[in-house]
Structure formats: structure tokens, C-alpha cells
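Let's walk through this protein together, one step at a time. Keep the structure in view as you read.

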Amino acid sequence: MNAPAVEVSGLVIDVARPDGTRKAIVEDVSFAIPKGEVLALIGESGSGKTTIALSMMGYSRFGARISAECIRVGDMRIDRMAENELPTIRGRRISYIAQSAAAAFNPSRPIMAQVIEPLLVHRLADRRTAEAKAIEIFRSLALPSPETIGQRYPHQVSGGQLQRLMAAMALITDPELVILDEPTTALDVTTQVEVLHTFKSAIAASGATAIYVSHDLAVVAQVADRIVVLKNGRTSEEGTAEQILEAPSSDYTKSLLAAAHPAVRPSADASEDNVLTVSAIRAGYGRIVDGQPAIPVLSNVGFTLKRGATIGVIGESGSGKSTLARVIAGLLPAAGGEVQLDGDVLPADMADRSREQLRRIQMVFQNADTALNPAHTVGEILSRPLAFYHGLKGAAAAARVAELLDIIQLPRGLETRRSTELSGGQKQRINLARALAAEPDVLLCDEVTSALDTVVGAAILDLIDELRRKLGIATVFISHDISTVKAFCDKMLVLYSGTAVELSRQAEFAGAIRHPYTRLLVDSVPDMDRSWLTHRAAVERAAMPGASLRNAAGEALCRFLPRCPAAIAGTCDAVPAPLRESAGQAILCHHTLADLSSAASAEIR
């Protein structure tokens, strides 16, 4: 029997405590990977997934120490290699694909120079040979214009393309082991499908063995042959992908699977009055001329929201979701339209809003790491809005900080810590508590769970849901996670290239009638069926148009037209799409609601 390509036995990784003793953060982890197979490491944040994966390159974070009975990749004993030997294998025989391609690329250098760098650094090819090989890999990864895309800079390609270019950089040396660390977490659903498909095909074609780090079980189901479930740095369960996903033996694994299928929450008891009304918003970036920004994003977007209710805003990256939140908050003044709070029109620019108007609309940002000041303690972070909006100081402020910690279900005493001492889930709770300190009427949540694992993300959603029901806070929930939005929100607003193509209540959104773009999004959400990615038809994703398509008369046409599988020749390309309305649903489409109801998968019959 052939020896596995990768073998790990008795892996321990520990860190030094302040008192000089050491604490194990990974303990007694063992696994083996046959050549050409993919092993997934899954678990919550802090379970040791990335730490274990990086140890395969002999790398550990500052202050950590790696020891093991055996860490072997091919004929290399990583655990026996000297520190000066490890750089010779990193990026050559073992490659790493990180979560954020944007952070991995140098914005000041052309893409080609960066992709071929591993070949040049390790002296495996001359520049001409390296560039020719890169172009072949670009082609295998289904990148557009493979002969010339390398001449672009990182900011000149989409997020999905940049993620695939990072894979090209990792695969160009024909490595024996490829480590993929949450490579699709930040991508929207249609881009994720493309990237997963190309990653899986490229790794299979190269014959490399792979370790895939993820907290998304539906993604893992598409790529993994075997799965190791981790909890607190120890192996909770290990087995084939089929066994782990279909018949898990560990209660912890069962809890992860349950968190991946959020239960639909019934609509909240909302008041009859609209607390927030957004009407005919036009917005974008750059100088506004004749009511139009230089770079238009949103066109004629609107909705209403009752007190205590939640609206989910979904769409691909670049669809205008975050821009809409910025307009409502006054961070980006709209070029046209208006935002009303309890019937009063708000000034477009937050600088012109009163302190009371600012208090009543609060935003919870996506990345708590950048939203929270690392120099301030939790108590200081929460005390600032208490002083600004309510004039609370001293003992009164301290008492309210303690109450806020109770509300977000964190222990009192945490107020003396800085944000850098908290876990990802704790930081996001503090991020939420800061917004709640203002006692707002409207909460704008911008991708607040996208960087969290499924269990922590579900806990944050449960908390927001409980608070909006208890406190009557209306919530605008922005996400590219359609499963979460379907389970969590009373209404759904679907944006495509800055245009609202569908607005539906929860019950109608779960039904058969959907805009073709909404159908594309829903069909692009991975499920636990391991054959899903194989059977999923390749999605031809055209570049998102920067401006509205127009007919000969200058009228705006449907922006989804270049990608629509159900476009009607002579109609969709000639006449503006009408708004089809029924009880609880409005869809911008030439197809009647009856046509849309009979639509199959991604195609109108």
C-alpha cells in the first residue's frame, strides 16, 4: 500500500503564558492525506484550523512552538528541518492560498510580475518561460484574456478574478501540497461558484494534495475527500466527507451542521407605522453634475420599514448594498431621492443632521477589527456614545456599560479589556453594543456575520433578532448570505448593479416566483449535496455594467440583460422593464409573474 502524501502525527503547538509556563493551543492532532486528495479542517474560530495548516510549512505565529512525532510532506520531514531550510520549500513545494487576495497582492506591481515571482525566486525558470507557464495557468483557471490579464494591476480585476490569480501564484511551482485558507469566505455566491469550480479543477489537474481550511460546511462538501473537525485545538471527529456530513458521531459536529441550516424566524410583531422610508434614491461617487454622480451606483432604489421589522438587502459584490446603507446613514449624500425617519425628511449629509437624528440611525460595520479603536478599552468604547447622545458620565455611564454587556450576553468585567484581547465574536458583540448605546430606532447591519464562523454568526443573529423584537428596533440587514437573509428577515430587497429588481416579503421570497437574477443567486448557494458543484451549470458571469443600458430613445433598459438566461429578444433589449406587483411582491421584469412562477432552476421555460 502506498504511503500517504501528507502525514501528521502527535502535533502539539503551544504558546508562552505571561508567567513563563506554556499553554497548548493545538494538542495531539494526527491525520494522513493520500496523494491527490483534499482534507478539510473545520471548526469554530479559535479551533486551530489555520494554526495547524500553517504548521505544515513549519510556520507558527510569534511566540508559538511546534512539536510533533511527525510532520511529513512527500519525502520532507518538516518537523526535522532547520529554520534556514524552510524558506526553500515555502512557495515551492508547499503553497498557500490566503483568505484575502487583495491583501496578498502588491497594488503597485503588475499581476504577472507577482504571479511568476515564486518561479524566479526559487530559480525554477527564466522570465520568458515563467510568463508562458503563467498564461497557461490563467487559461486553466478560466480567467478572461489570459494573454493580457497579467499586464493589469490588482485593482483592475474583480475580487473573484484576483482570488483565482492568487491560486495561479500558488500552483505555478507545481507544489506537492496546496493549503487553502478560507479562500471563498469574502466572495458573493455566484463568484464563489466560479472560484470553487476552478480551484477544484486546477488542483485535480495538477495532481497536488490539498488542505482546505473553512467554517462553511456546504463549501467543504463540494471540495473535500476527508474532514477533520476541530474544537479547542483538538480533533473532535475525523472521517470521510460522506460520513462526517451525513452521519456525524460527535455532538459538536452535529451542532456545526445545525448552525449551517438557520431556522426560519417568524416575522416580528411590527407596528403599522413606517419608521424608515427610502424613496427613489440615486447615489454614487465623484462630483454630482445635473443630479448625477460621476460614478453612478444606485438608481431609483426605495423601500419602507416598520418599527421592529427587518429588511434584508442582497446582491453580488458591487450591487450597491453598502452604498445604500451609507446613504441612509448620511455618510454618502444622495444625488437624488430622500430618506424619511418617522415621516420627517432627513438631510442627505450627516453633517447637516441633528444629534437626535444621528442617534436614531446607527450602523454596525462589517469588520469589527477596524471599527473598534485598539487603543481603547471596551468601557471607553461604549462610554463615548453614552456621553455624546445621552450626556452620561462617571458612575451612570459605568452602570449603563454593565447593562449593555448584559444585553449582548458578555460578562461584566470585560470593560477593562482592549478589543485586541477579544475573540472575533466578542468584538462583533461590542461593535453591536456601541450602536445600541445610542438607543436607535434603526440599525444598519452591513455584512456583520461574513467574517464569523457559522456558530458564532448564528449567535450574533439570534442576539440581533431578540433585541429588535424586545426593543422594537427596525433593522436593515445587508448580506450576500442568502440563506441567512431568508431565515432572518421579514422582507428582501434584491439589488443588481444598483437597481432594485425584486422586493418580496419573507413568504413570497421562499416561493416559486422570482426575478431571473434572484433565481441565479438562490441557485448559486452551495448545499450539503456533494455532487452540487459538479452538476451546477457553469455560470457565465459578465462584467457588471457601470451605467444603465439604454435603447435608441435613451430609455434605461434592464441592467441584468447581458446575463439574463430568460431575456426576450426584441423586448428586453428595446423596452424598459415594467414593475410587476402582487400582494407582498414587486419584480422588475418583462416576464409576467405567471411566467416567473413556472420558471425552472435558472431558466424560464
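**A guided look at the domains**

The UniProt annotation "domain: ABC transporter", from an unreviewed entry, covers residues 10-257 and 275-522; UniProt positions are given in the numbering used here, feature names are shortened, and annotations may be inferred rather than shown by experiment. What you see is a predicted model, where local features need pLDDT of at least 70 and side-chain atom pairs count only at pLDDT 80 or more, while totals for chains, interfaces and linings use all residues. Residues are numbered from 1 along each chain as its sequence is written, and side-chain values use heavy atoms, with hydrogens and water left out.

Let's start with the overall layout. The protein chain divides into domain 1 (6-260), domain 2 (274-506) and domain 3 (519-603), with bounds that come from an automatic or database domain assignment. Taken over C-alpha atoms, the centres of domain 1 and domain 2 are 33 Å apart.

Now look at where these two domains meet. Here 12 residues of domain 1 are in contact with 10 residues of domain 2 (contact means heavy atoms within 4.5 Å). Domain 1 and domain 2 bury about 1,100 Å² between them, 55% of it on carbon and sulfur atoms; buried area is the accessible area (1.4 Å probe) that two parts lose on being put together, summed over both. On the side of domain 1 that touches domain 2, helix 7 (189-206) and helix 10 (251-259) are the elements that give two or more residues. Helices (H or I, at least four residues) and strands (E, at least two) are DSSP runs, numbered from the N terminus.

How many salt bridges cross the interface of domain 1 and domain 2? The rule finds 0 there, a salt bridge being a side-chain nitrogen of Lys or Arg within 4 Å of a carboxyl oxygen of Asp or Glu. By this rule the count comes to 27 salt bridges. One of them joins the side chains of Glu-27 and Arg-234 (3.3 Å, N to O). Glu-27 sits in strand 2 (residues 22-33) and Arg-234 in strand 11 (residues 234-240), so this pair ties together parts 207 residues apart in sequence.
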